[in-house]
Amino acid sequence: MTLSAPTTVEVLRAAGEPTRLRILALLVREELAVMELGQILDQSQPRVSRHLRLLAEAGLVERFPDGAWVFYRLSSHEPQRGFVDHVLQMVRDEGVLSRDLERLSEVRRTRQVEAADYFARNASHWDQVRSLYVDEADVERSIVEATGPGPFDRLIDLGTGAGRMLTLLGGRAKSAIGLDLSQQMLNIARREVADADLARCELRHGDIFATGLPSASADLIVIHRVLHFLNDPAAAIGEAARLTTPGGALLIVDFAPHTLEFLRQAHQHRRLGFSDEEIARWCEAAGLGHIDTITMPPATAQGLTVKVWRAHKAAQTGSNLADRSAA
């Protein structure tokens, strides 16, 4: 794919300015908020925004609001992305660019401190709940088994939290999106995704019930230990099914029915687990079928049973994902 002559001129003008080249050199490493770019570049937010607007108009970067923040990332579309990659390969990290990378490291360290403080305040939550079920490594092995080898065109993780499903599965996806309502958790996820070098993975602030994402936009949707917090789990499954491509799959990880009532008060669990029949009914109502199930008994007699459900959306040919995999 090539650029027209007028577009080529626009792209060259956009990239051929010192500050805008610095911005591209930063965004190739990770997506950043406007205020973070201003801090790194030591420029005012309005000035940085003007540069970003020109880059966006040339198709070199993508803008997306994230709650009260606005984030930018390099364009995922060709040939603009290829142009940026080629230009940056010719730029040496020295002088101003080296200082920019040092400031980017400072921004990352600040995020890490904030993330550590957050987890420290919630350490009892994670440790107490995790102690109630089978080892996390066993759960993740079952998740990998349930998803299959891939590769996937697009992964969407609904309620991504700290981004563990993105780092676990994102390497087998051409692109990935993590959606969450917590800005603090998204900041943690951004660090994890950056550390995992998942360049084609983006994090967005969004509602699991109304994602705003296009229908049939991903061949693997994941809802990992989120349903039990929700007031309408069926609606969340309905939205996930809407996002699933024909031939794609929805992976749900949650707890089987249990009687640990303290989880409602101590950890805001609205539902105390889900039965196979309940999950199957909601999936079928949403247009999903052929549900495969993995059950992991608790580590102790009083613990939680973890369930992994994989529901398939029929392919346009009428065959389901299992039929396609078996072919």
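Predicted model: local features only at pLDDT ≥ 70, side-chain atom pairs only at ≥ 80, totals over all residues.
**How the helices pack**

Helices α11 and α13 sit oblique to each other, because the angle between them is about 45°.

**α11 against α13**
- Helix α11 covers residues 233–243 and helix α13 covers residues 276–285, and their axes are 9 Å apart.
- The crossing of this pair is right-handed.
- On the α11 side, the contact uses Pro233, Ala234 and Ile237, while α13 brings in Ile279, Trp282 and Cys283.
- Sort those contact residues by class and you get six nonpolar, no polar and no charged.

**The two sides of α13**
- Glu278, Ile279, Trp282 and Cys283 are the buried ones in α13.
- Look down the axis of α13 and these buried residues fall within an arc of 125°, so they line one face of the helix.
- Just past the end of α13, glycine 287 has a positive phi of about 95°.

**α3 against α4**
- Helix α3 (residues 34–41) packs on helix α4 (residues 45–57) at about 110°, with the axes 9 Å apart.
- That angle makes α3 roughly perpendicular to α4.
- Val34, Met35, Leu37, Gly38 and Leu41 of α3 meet Gln45, Val48, Ser49 and Leu52 of α4.
- This contact has six nonpolar, three polar and no charged residues.

Notes. Residues numbered from 1 in each chain as written. Heavy atoms only, no water. Axes fitted to C-alpha atoms, helices over the stretch in contact; angles between N-to-C directions. Helix = DSSP H or I, 4+ residues; strand = E, 2+ residues; numbered from the N terminus. Parallel < 35°, antiparallel > 145°, perpendicular 65-115°, else oblique. Left-handed = near helix turned anticlockwise from the far one by under 90°. Contact = heavy atoms within 4.5 Å. Nonpolar A, V, L, I, M, F, W, Y, C, P; charged D, E, K, R; others polar. Buried < 20%, exposed > 50% of the residue type's maximum accessible area, 1.4 Å probe, protein only. Arc of directions from axis to C-beta.
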